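Here are my notes after a pass through the coordinates, in the order I'd go through them with you. Have the viewer open as you read.

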Amino acid sequence: MDFTLSNDVVEFRAAIRSIIAETVTPEVVDEMHRSGTFDLPALNLALGAAGYIERAVPGLGKGDPVELWVLFNELEKAGAPFDGLAINIMIAGVVVAVGTDEQKARILPSIISGEAGVCMGYSEPDHGSDVASITTRAVRDGDEWMINGAKMWTTMAHKATWLILLTRTNTEVPKHKGLTMFIMPMDTPGITVEPVHTMATERTNATWYDDVRVGDDAVLGEVNSGWRTMTVALAFERGVMGGTNAGVPLLRHFRLWADKVGLSADPFVRYQMARTAIDMQVATLLTQRSAWIAGSGGLPGLEGSMTKLFATEAYQRSVRAFQEMAGSSGLLQFHEPGAAADGFIDYDARHAPVTTIYGGTSEIQRNNIAERHLRLPKAR
Ligand SMILES: Cc1cc2nc3c(=O)[nH]c(=O)nc-3n(C[C@H](O)[C@H](O)[C@H](O)COP(=O)(O)OP(=O)(O)OC[C@H]3O[C@@H](n4cnc5c(N)ncnc54)[C@H](O)[C@@H]3O)c2cc1C
């Protein structure tokens with residue numbers, strides 16, 4: 001494959017960089033860590049107004065996966081709050097892929113303008129990796145569906161306008177075949193949101209569904225085809241939409257600090273910085289490969305697993321090494337006097353663990369690679 005970026009993509013990247021420079025200020029980054037909400041309405045609106053959200057949504061506008069990767073890669077390298085935007089673009093892509101014309105007309109304009117956000121209710125307290133076993137029930141009741149259950153880790157539920165919700169509609173068939181996906185407004189009566197604060201400052205949520213009533217117009221995809229809808233969503237998520245270059249801002253912060261305290265001349269410190277730079281370059285190329293496969297009409301399910309596994313574990317190795325080199329100052333948080341890299345070493349050390357959990361854990365990625373690439377026997 002050819003890793004050269006086309007002129008179009010280079011221009012797109014320059015435009016994205018300039019929007020980031022205008023909207024992602026140090027105050028914004030500070031507020032993101034203070035509030036735990038990794039979303040920036042001003043950024044989303046600016047991207048929406050320029051037509052870049054529509055352009056990035058798979059299957060809509062230009063829908064070039066290489067541009068999608070460039071968008072999130074620039075946001076990630078800048079340390080911008082982009083979790084909300086990533087979910088919005090991913091779910092807009094799902095609506096394009098499996099939604100009805102009525103749903104597309106009703107839902108997409110609010111997302112591509114940057115005004116509305118989306119949250120994803122798949123995981124439950126007892127079902128994360130094995131998400132096909134979820135128990136939240138949607139039962140037919142006259143012309144409506146009545147939904148009852150609980151979800152865990154519903155990130156952005158406290159800000160979102162729309163909710164995509166995975167439910168069980170048939171208990172008599174194998175677990176993957178009895179699932180239905182819904183999309184509904186977050187202010188639908190019966191939905192409760194409670195905050196869950198994580199050690200990485202990121203806020204996520206637990207959500208409850210008590211006699212939530214929706215019509216057929218809320219079914220996203222076919223009834224009992226929720227697994228197919230999930231597969232579309234996950235294929236977009238893994239390996240293309242951010243999460244593969246977190247070591248880049250980490251390295252930038254560490255390097256500035258190492259220069260300031262006179263550590264940059266230390267051969268071991270230099271070795272670790274070079275190691276991180278190489279790992280992040282490899283992660284970049286792996287991500288570009290996934291994007292290229294998607295751009296050529298394929299679904300980079302396997303390559304996305306390889307990319308995510310390599311990139312997130314490399315990030316964890318880097319931050320562990322940097323924290324050891326920073327010593328006790330690497331344990332101090334944002335705004336604490338003497339904190340290494342203004343607190344970013346501590347932050348990254350607390351953030352890195354979650355990157356091998358969400359979007360599919362490392363074990364799940366390894367199973368995927370073992371089964372689909374190495375053709376080893378199924379793990380379960
Ligand atoms: C900060 C955060 C944000 C999140 N945001 C969202 C969101 O917006 N929406 C949403 O729906 N979900 C979200 N998630 C949930 C996330 O997708 C799950 O945490 C993840 O899928 C793992 O599920 P689990 O936590 O239930 O762990 P489990 O599935 O219980 O796994 C526990 C351990 O067992 C291992 N394991 C499980 N199955 C296997 C297997 N077959 N083979 C080998 N090892 C295995 C896992 O790798 C892990 O180490 C979020 C999670 C976090 C932490």
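1. Contacts along the chain first. Of the contacts with a separation of 6 or more, 71% are between residues 24 or more positions apart. Keep in mind that this is a predicted model.

2. Overall dimensions. The C-alpha trace spans about 70 × 50 × 40 Å along its principal axes. A compact globule of 380 residues would have a radius of gyration near 21 Å, and the chain comes out at 21 Å, so the two agree. Buried residues account for 55% of the 380. As for secondary structure, the chain has 13 helices and 7 strands.

3. Nonpolar side chains tend to be buried together in soluble globular proteins. Here the largest nonpolar core holds 102 residues, and F72, I89, I91 and Y122 have the most contacts inside it. Which helix gives the most to this core? That's α6, residues 83-98, with 11 residues.

4. A closer look at I91. Skip its neighbours within four places in sequence, and I91 is in contact with V118, M120, Y122, I164 and I183.

5. Helix packing. Take α5 (residues 65-77) and α10 (residues 267-295): their axes are 7 Å apart and the helices pack at an angle of about 145°. On the α5 side the residues involved are P65, V66 and W69, and they meet T284, T287, Q288, A291, W292, A294 and G295 in α10. Sorted by class, this contact has 6 nonpolar and 4 polar residues, with no charged ones.

6. Aromatics. Searching the whole structure turns up 9 aromatic pairs. One to look at is F344 with Y347: the ring centres are 6.4 Å apart and the planes sit at 90°, so this pair is edge-to-face. Both residues belong to helix α12 (residues 344-355), where they are 3 residues apart, about one turn of the helix.

7. One more for the aromatics list. F254, W257 and F322 form a cluster, linked by ring pairs. I'd bring up these three in the viewer together with the F344 and Y347 pair.

Conventions
Residues are numbered from 1 along each chain as its sequence is written. This is a predicted model: local features need pLDDT of at least 70, side-chain atom pairs count only at pLDDT 80 or more; totals for chains, interfaces and linings use all residues. Side-chain values use heavy atoms; hydrogens and water are left out. A nonpolar core is a set of buried Ala, Val, Leu, Ile, Met, Phe, Trp, Tyr and Cys residues joined through side-chain atoms within 4.5 Å. Buried means under 20% relative accessible area, exposed over 50%, partly exposed in between (1.4 Å probe, protein chains only). Helices (H or I, at least four residues) and strands (E, at least two) are DSSP runs, numbered from the N terminus. Contact means heavy atoms within 4.5 Å. Axes are lines fitted to C-alpha atoms, for helices over the stretch in contact, and angles run from 0 to 180 degrees between N-to-C directions. Ala, Val, Leu, Ile, Met, Phe, Trp, Tyr, Cys and Pro count as nonpolar, Asp, Glu, Lys and Arg as charged, and the others, Gly among them, as polar. Rings of Phe, Tyr and Trp (its six-membered ring) pair if their centres lie within 6.5 Å; planes under 30 degrees apart count as stacked, over 60 as edge-to-face and the rest as tilted. The radius of gyration is taken over C-alpha atoms; the globule rule is 2.2 Å times the number of residues to the power 0.38.
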